[in-house]
Amino acid sequence: MKRLVAPATGLMLVVALLSGCGSSAPAVSSASATPSATSAPSPSAEPSSDPTTIRIASLKGPTTMGLVGLMADAEAGDGAQDYQVTMYGTPDEVLPLVLQGEADVALIPANLAAVLYNRTLADDGAQVQVAAINTLGVLDILESGDTVHSIADLAGRTIYASGKGASPEYVLNYLLTSNGLDPATDVTIEYRSEHTEVAALLASTPGAVAMLPQPFATVVQAQNPAVRTALSLTDEWAKVATDSQLVTGVVVVRTAFAEEHPEAFADFLTDYQASTEFTNEHPAEAAVLIAEAGIVPAAPIAEAAIPGSHITYIDGTELMTVFFSGYLQVLFDADPASVGGSMPGDDFYYSR
């Protein structure tokens with residue numbers, strides 16, 4: 001049987017490109033990150049007689065929710081390649097692994113993929129490439145109360161959030177600014193290193209306002225009916241950026257790995273696309289695997305969170321020209337540093 005979850009590396013470097021990012025949390029243990037293989041779909045390709053090991057680093061949240069079918073197949077020894085998946089709590093744990101060649105594929109916030117590209121760009125071109133969008137908008141503004149019905153209603157409020165230095169911070173700042181609010185003076189944003197910390201504050205503080213991604217938003221609401229979804233940031237983005245979509249997460253690959261193992265990486269993309277389809281089309285079955293992986297506490301909560309998690313698979317021309325470039329351009333216009341100082345070149349986009 002193929003080994004599914006690799007031990008979490010002790011390499012926790014301080015990465016300059018993540019200045020301001022929250023502190024690291026431990027990688028999820030192999031016991032909690034390994035889902036049962038009983039309900040997952042079979043992969044689209046026959047296992048290779050000499051499979052290539054692909055080390056995959058993912059984040060606890062929607063990106064791994066779309067990965068659980070592949071993980072279960074891999075545990076059962078049915079993956080087209082030897083997929084070894086480790087799930088982490090924060091992006092600043094994952095990026096050093098890519099930089100040091102300890103991970104071949106990573107599922108990370110969209111803007112950090114551009115930052116990573118810019119900071120590692122060499123004379124021979126891109127050292128990392130984005131291969132697919134795996135999640136669209138997953139962020140909500142939640143309130144323990146009933147006073148926030150528009151972005152303007154956030155004026156003067158304290159917003160608890162996670163994701164400083166990553167997509168959530170830039171999305172929130174962009175939406176505040178686009179609605180006439182200065183993030184530095186008109187609101188108070190208190191960042192925490194983990195989504196769970198934000199969820200705890202929201203659940204325990206009457207009148208609190210927080211920004212949370214799925215599935216954590218659904219978890220909080222399941223545990224505390226007084227908490228409601230005040231704003232969908234996907235909807236708010238569409239109001240002010242009509243030529244782009246809110247993108248949350250992407251799949252990146254080390255260029256050297258993709259060039260050395262093109263067939264193996266193509267197998268991974270095929271199996272990963274099938275895995276995202278499994279999560280969306282069979283939510284009850286996928287929810288069991290999501291709960292077993294430790295992403296959410298129970299399968300019913302996972303099933304409720306899947307629709308709002310906007311798990312997807314977008315690659316090729318659509319990735320480059322419609323969704324990702326439009327989203328990155330909005331962030332670049334708001335703050336060039338949010339994408340690493342400049343818009344990525346065409347070599348940023350992987351094509352099969």
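1. The axes of α11 (262-281) and α12 (283-292) come within 6 Å of each other and cross at roughly 110°. Axes here are lines fitted to C-alpha atoms, for helices over the stretch in contact, with angles from 0 to 180 degrees between N-to-C directions. The two helices are therefore roughly perpendicular, a label used for 65 to 115 degrees. On the α11 side the contact involves Phe278, Thr279, Asn280 and Glu281, which meet Pro283, Glu285, Ala286, Leu289 and Ile290 of α12; contact means heavy atoms within 4.5 Å. By class, this contact has 5 nonpolar, 2 polar and 2 charged residues, where Ala, Val, Leu, Ile, Met, Phe, Trp, Tyr, Cys and Pro count as nonpolar, Asp, Glu, Lys and Arg as charged, and the others, Gly among them, as polar.

2. A word on the model before going on: it is predicted, with local features needing pLDDT of at least 70 and side-chain atom pairs counting only at pLDDT 80 or more, while totals for chains, interfaces and linings use all residues. Residues are numbered from 1 along each chain as its sequence is written, and side-chain values use heavy atoms, with hydrogens and water left out. Helices (H or I, at least four residues) and strands (E, at least two) are DSSP runs, numbered from the N terminus.

3. Now have a look at the open sheet, whose 5 strands are ordered β7-β6-β8-β5-β9 with mixed pairing; strands pair if DSSP finds at least two bridges between them. β7 (188-192) and β9 (227-232) are the edge strands, each with a single partner, so one side of each has no neighbour in the sheet. The twist averages 30° from one strand to the next.

4. In β8 (residues 209-213), 5 of 5 residues are buried, meaning under 20% relative accessible area (1.4 Å probe, protein chains only). Val209, Met211 and Pro213 lie on one face, with Ala210 and Leu212 on the other. β8 pairs with β5 in the antiparallel sense over 5 bridges, and with β6 in parallel over 2 bridges. Ala210 is the bridge partner of Leu142 and also stands opposite Tyr160.

5. α6 (residues 167-178) runs at about 170° to β7, whereas α7 (residues 195-204) runs at about 145° to β8.

6. Finally, α13 (residues 299-309) buries Ile301, Ala302, Ala305, Ile306 and Ser309. These residues cover an arc of only 145° (from directions between the helix axis and the C-beta atoms), which puts them on the same side of α13. Among the elements covering them are α11 and α12.

How values were computed:
Buried < 20%, exposed > 50% of the residue type's maximum accessible area, 1.4 Å probe, protein only. Parallel < 35°, antiparallel > 145°, perpendicular 65-115°, else oblique.
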